[in-house]
Amino acid sequence: MLNRKDQRLRRSKQTRVRIALQKTARLTVFRSNLHIYASVISDDGAKVLASASTAEKEVRSQLGGAGKGGNAAAAAIIGKRIAERAKAAGVDKVAFDRAGFAYHGRVKALADAAREAGLQF
């Protein structure tokens, strides 16, 4: 019997295989209880082009201290930041890799904010 983490990793592998066939950069998301992390990875998967997280010092001060990065408002801030950084790196179109997490709550807030900031996926 697989535990929750192994089930999520199994789902993420299936998604990454599908995204690899598209030959496009991918926006991958990881969420923990306290933070949310987003990275734009090159189409061959060898290089991180842009990244943002609630663990960054500027974001933590904007959120009001430690322990505030685990909510949808923080995820929206990270979505906006990752879109700005990806566009600065020359990436306009990405494939969204939710890493096996359900598309609701913080993951959805990050995706919506990235779309509003001009990232296409």
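**Close-up views of a predicted protein model**

The accessible surface of the protein comes to about 7,000 Å² (Shrake-Rupley method, 1.4 Å probe), and 50% of this surface belongs to carbon and sulfur atoms. This is a predicted model, in which local features need pLDDT of at least 70 and side-chain atom pairs count only at pLDDT 80 or more, while totals for chains, interfaces and linings use all residues. Residues are numbered from 1 along each chain as its sequence is written, and side-chain values use heavy atoms, with hydrogens and water left out.

**View 1. The overall fold has four helices and four strands**. Helices (H or I, at least four residues) and strands (E, at least two) are DSSP runs numbered from the N terminus. Along the sequence, these elements follow the pattern α-β-β-β-α-α-β-α. The radius of gyration, taken over C-alpha atoms, is 14 Å, close to the 14 Å that the globule rule (2.2 Å times the number of residues to the power 0.38) gives for 121 residues, so the protein is as compact as a globular protein of that length. The C-alpha atoms fill a box of roughly 40 × 40 × 25 Å along the principal axes.

**View 2. D97 lies in strand 4, which spans residues 95-97**. A polar atom of the D97 side chain lies 3.0 Å from the backbone nitrogen of A99. Leaving aside residues up to four places away in sequence, D97 touches T15, R16, I19, R26, L27, T28 and V29 (contact means heavy atoms within 4.5 Å).

**View 3. Helix 4, residues 106-116, contributes several buried residues**. The buried residues of this helix are R106, V107, A109, L110, A111, A113 and A114. Their cover includes strand 1 (26-31), strand 2 (36-41), helix 3 (72-88) and strand 4. Helix 4 is followed by G118, which has a positive phi near 110°. In the protein as a whole, 40% of the 121 residues count as buried.

**View 4. K23 is placed in the loop between helix 1 (4-22) and strand 1**. K23 is exposed (over 50% relative accessible area), with a value of 63%. Although K23 and A95 are 72 residues apart in sequence, their C-alpha atoms are 9.3 Å apart in space. Across the protein, 61% of the contacts between residues at least 6 apart in sequence join residues at least 24 apart.

Methods:
Buried < 20%, exposed > 50% of the residue type's maximum accessible area, 1.4 Å probe, protein only. Polar contact = N/O pair within 3.5 Å; in protein donor to acceptor, adjacent residues only side chain to side chain.
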